[in-house]
Amino acid sequence: QVHVVESGGGLVQSGGSLRLSCVVSGNFWRVLNMGWYRQAEEKERELVATITSGGRRSYADPVKGRFTISRDNAENTVYLQMNNLKHDDTAVYYCVAQIDGGVGYVDHWGQGTLVTVSS
């Protein structure tokens with residue numbers, strides 16, 4: 001069984017910063033790609049940022065230059081540093097981890113952490 005748990009969400013003023021964390025635990029061989037998605041109220045879930053096991057990063061255009069994704073492979077943890085937050089960044093942020101369980105690759109999702117940016 002695999003567990004994906006996010007933390008670090010909260011209420012912040014526009015222009016402020018937050019750091020999200022996501023820890024993957026359980027019974028598996030390794031964690032491959034990791035990423036963050038978000039879903040605002042009445043909108044579809046959208047990609048925010050991804051990072052490969054080798055550290056290659058990619059970002060959605062709305063967050064480029066403001067958000068930074070990083071990971072600690074030894075701790076199976078991925079982070080999302082969010083700076084200069086805007087009201088439009090308000091959403092539930094979900095972590096996804098691509099898990100190699102030895103019989104194929106499966107994406108596992110966390111329950112999400114709410115980020116609210118007041119304008």
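## Close-up views of a predicted model

**View 1. A disulfide joins Cys-22 to Cys-95.** The two sulfur atoms lie 2.1 Å apart, and a disulfide here is a pair of cysteine sulfur atoms within 2.5 Å. By this rule the structure has one disulfide. Its two ends come from distant parts of the chain, 73 residues apart: Cys-22 belongs to strand β3 (residues 18-26) and Cys-95 to strand β9. Strands (E, at least two residues) are DSSP runs numbered from the N terminus. Turning about the S-S bond gives -80°, a left-handed link between Cys-22 and Cys-95.

This is a predicted model, in which local features need pLDDT of at least 70 and side-chain atom pairs count only at pLDDT 80 or more, while totals for chains, interfaces and linings use all residues. Residues are numbered from 1 along each chain as its sequence is written, and side-chain values use heavy atoms, with hydrogens and water left out.

**View 2. Strands β9 and β10 form a hairpin.** Strand β9 (residues 91-100) runs antiparallel to strand β10 (residues 105-109), with five bridges between them; two strands pair if DSSP finds at least two bridges. Look for Val-96, whose bridge partner in β10 is Trp-109. Four residues lie between the strands, and in this hairpin Gly-102 has a positive phi near 100°.

**View 3. The charged end of Arg-45 sits over the ring of Tyr-94.** Its distance from the centre of the Tyr-94 ring is 3.7 Å. The charged end of Arg-45 also sits over the ring of Trp-109, 4.9 Å from its centre. To count, NZ of Lys or CZ of Arg must be within 6 Å of the ring centre and within 35 degrees of the ring normal.
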